[in-house]
Amino acid sequence: MTMRCVSMCMMAALAVVAVQRPSAAEPAPVRIAVFDFELNDRSAGGGIIGLDAIDTENLKLSTQEARRMLSESGRYSIVDATNAAGELNGAGGLQQCNGCEGPLAGKLGADQSMAGIFTRVNRTEYTLQIVVRDAQTGEMVSNVFTGMRMGANYAWPRGVKWLMTNRILSTQRAD
């Protein structure tokens, strides 16, 4: 009799599980093209001292940090933006193309674009702006900004990490 009771309980439990509706599937990750971050040197030496190897390396690390954090969030899938570099440069880069990164991302099959601009105020003060655009409309989805003081270009990836953590990835995804 106890075996029969156990058997009936198991069948009842299986029936309850079978009747439960499956949970809603997770939305597909947003495909985003992250363009290489750029430097806008507005410092007194900006017209005299060009972009150096350390600046170039820290811009690269900053772009990589943004891509890594987006990818690891599970909310985004990174689209390779390398093929659009020539067209972007021909338009004067991110700073001169008036939001062209949105439509360029669309051509690459992305849903959104991300562009980052570091502005050097002087050798120890910088600002960072990250703009996310809808690839179909070119409209801004996000426009975040932070200032960095008493640092140097090696702090740029930390600035990216702060904005990604506290502004871009902290917002709830609207689906």
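Reading from the N terminus, the protein chain's elements go α-β-β-α-β-α-α-β-β-β-α, which comes to five helices and six strands. Helices (H or I, at least four residues) and strands (E, at least two) are DSSP runs, numbered from the N terminus. This is a predicted model, where local features need pLDDT of at least 70, side-chain atom pairs count only at pLDDT 80 or more, and totals for chains, interfaces and linings use all residues. Residues are numbered from 1 along each chain as its sequence is written, and side-chain values use heavy atoms, with hydrogens and water left out.

**Overall picture**

- The protein chain has 175 residues, and 41% of them count as buried (buried is under 20% relative accessible area, exposed is over 50%, partly exposed is in between, using a 1.4 Å probe and protein chains only).
- Take the contacts in the protein chain between residues at least 6 apart in sequence: 65% of them join residues at least 24 apart. Contact here means heavy atoms within 4.5 Å.

**H2 against H5**

- Helix H2 (residues 53–73) and helix H5 (residues 156–168) have axes that come within 8 Å and cross at roughly 25°. That makes H2 roughly parallel to H5.
- On the terms: axes are lines fitted to C-alpha atoms, for helices over the stretch in contact, and angles run from 0 to 180 degrees between N-to-C directions. Under 35 degrees counts as roughly parallel, over 145 as roughly antiparallel, 65 to 115 as roughly perpendicular and the rest as oblique.
- H2 brings Asp55, Asn58, Leu59, Leu61, Ser62, Glu65, Ala66, Met69 and Leu70 to the contact, and H5 brings Trp156, Pro157, Val160, Lys161, Met164 and Thr165.
- By type, the residues of the H2 and H5 contact are nine nonpolar, three polar and three charged (Ala, Val, Leu, Ile, Met, Phe, Trp, Tyr, Cys and Pro count as nonpolar, Asp, Glu, Lys and Arg as charged, and the others, Gly among them, as polar).

- Searching the whole structure turns up one disulfide, a term used for a pair of cysteine sulfur atoms within 2.5 Å.
- The disulfide links Cys97 with Cys100, S to S 2.2 Å, and both cysteines are buried.
- The torsion about the S-S bond of Cys97 and Cys100 is about -90°, so this disulfide is left-handed.
- Asn98 sits in the loop between helix H3 (85–90) and helix H4 (101–107), and Asn98 is exposed at 76% relative accessible area.
- Most residues other than glycine have a negative phi. Asn98 isn't a glycine, yet its phi is positive, at about 55°.

**Around H4 and strand E4**

- Ala110 is in the loop between H4 and strand E4 (112–122) and is buried, with a relative accessible area of 2%.
- Leaving out residues up to four places away in sequence, Ala110 touches Arg31, Ile32, Ala33, Val79, Ala105, Ala135 and Gln136.
- Ala110 and Val34 are 76 residues apart in sequence, with 9.7 Å from C-alpha to C-alpha.
- Gln112 belongs to strand E4 and is buried too, at 13% relative accessible area.
- With residues up to four places away in sequence not counted, Gln112 touches residues including Val30, Tyr76, Val132 and Val141.
- Gln112 and Gly102 are ten residues apart along the chain, and their C-alpha atoms are separated by 6.6 Å.

**The E5–E6 loop**

- Thr137 lies between strand E5 (125–134) and strand E6 (140–149), in the loop, and counts as exposed at 53% relative accessibility.
- Thr137 is 34 residues from Pro103 in sequence and 7.6 Å from Pro103 in space, C-alpha to C-alpha.
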